[in-house]
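Subject: Structure handover

Hi,

Here is the structure I promised to pass on. Have a look at it first, then read my notes below.

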Amino acid sequence: MRTPSHLVGHSVPVDSPHHPEIARSFALGAPGRVGYEVHFFGDVFPLAPREQLIVASPDPALPALVLARPVGGGDDVVLFDGGRHGYDAMFVDEHDLDDLSAREASHRLEIDGATTFAITVTVYDNIDWDEEEDDFRDDDGVVRLITGEAIDGDRLRADGYDAIAVEVTDAAGLQTTVVNEELA
């Protein structure tokens, strides 16, 4: 199973409960480990109590950024960066790199008093890269991102997903979707 490059070394593959033929799911750290805070740049929109919260950008020019911060210390893990992850960010949407770098994930997610969670990231692949990869090659046969960066076929398949969901589970076992984005 291909792991998105931003999750390599931070996650383990788990069975996907959502459309396993097109979905790849990853647990942060050990599956079920409630040991992360979620910090983000963007806005939280409560859709219903404990039903779903969507982390979205306050400004379309500045896409959402969502990080996991290990309780007790350690490096932050990028869960989702709307300016860098997925098909549109790779091939369609142009963002000022200085603006992307200036975003700070300064808000901490809190759901009904809970601030630490187990985290699962699911990416969805509805793109047949075996058929479409050549469409993204330049005259030299190199796959290039909209930024001009050259990537190989493995990274294209790992990071070129067209949707993402980030689900958090608190210590009581209550699960909430905090990111649910169509990326193509």
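Where does D96 lie? You'll find D96 in the loop between helix 1 (87-91) and helix 2 (97-102). Helices (H or I, at least four residues) and strands (E, at least two) are DSSP runs, numbered from the N terminus.

Before you go on, some ground rules. This is a predicted model, in which local features need pLDDT of at least 70 and side-chain atom pairs count only at pLDDT 80 or more, while totals for chains, interfaces and linings use all residues. Residues are numbered from 1 along each chain as its sequence is written, and side-chain values use heavy atoms, with hydrogens and water left out.

**The charged patch**

Back to D96: together with D59, D98 and D99, D96 forms a patch of negative charge on the surface. A patch is made of residues with over 30% relative accessible area and no salt bridge, with like charges joined within 9 Å and nonpolar side chains (Val, Leu, Ile, Met, Phe, Trp, Tyr) within 5 Å. For charge, Lys and Arg count as positive and Asp and Glu as negative, while His and the chain ends are not counted. The place of a charge is taken as NZ of Lys, CZ of Arg, CG of Asp or CD of Glu. Accessible areas come from the Shrake-Rupley method with a 1.4 Å probe, and for residues only the protein chains shown count as cover.

(Buried means under 20% relative accessible area, exposed over 50%, and partly exposed in between, with a 1.4 Å probe and protein chains only.)

**Salt bridges**

How many salt bridges are there? The count comes to 13, where a salt bridge is a side-chain nitrogen of Lys or Arg within 4 Å of a carboxyl oxygen of Asp or Glu. Here are some you can look up:

- R137 pairs with E133, their closest N and O atoms being 2.4 Å apart. R137 is partly exposed because its relative accessibility is 33%, whereas E133 is buried at 10%.
- R144 meets D138 at 2.7 Å, N to O. R144 is partly exposed at 36%, and D138 is partly exposed at 26%.
- E149 pairs with R155, with 2.7 Å between the closest N and O atoms. E149 has 38% relative accessible area and is partly exposed; R155 is partly exposed at 26%.

Salt bridges with shared partners also link D130, E133, D134, R137 and R157 into one network.

**Strand residues**

V78 sits in strand 7 (residues 77-81). With 28% relative accessibility, V78 is partly exposed. What does V78 touch, leaving aside neighbours within four places in sequence? V78 is in contact with H6, L7, L65, V66, L67 and H85, contact meaning heavy atoms within 4.5 Å. V78 and H10 are 68 residues apart along the chain, and their C-alpha atoms are separated by 9.5 Å.

F26 belongs to strand 2 (residues 23-28). Why does F26 count as buried? Because its relative accessible area is 1%. The C-alpha atoms of F26 and G72 are separated by 22 Å, and these residues are 46 apart along the chain.

**Loop residues**

Now try the loop between strand 12 (163-169) and strand 13 (175-182), where G173 lies. G173 is partly exposed, with 49% relative accessible area.

A171 is exposed, as its relative accessible area is 72%. Not counting residues up to four places away in sequence, A171 touches V34 and T116. A171 and F117 are 54 residues apart in sequence, with 6.8 Å from C-alpha to C-alpha.

One last thing to look at is D112, in the loop between strand 8 (107-108) and strand 9 (118-124). D112 has a positive phi of about 50° and is not a glycine. Most residues other than glycine have a negative phi. D112 is exposed, with a relative accessible area of 61%.

Happy exploring!
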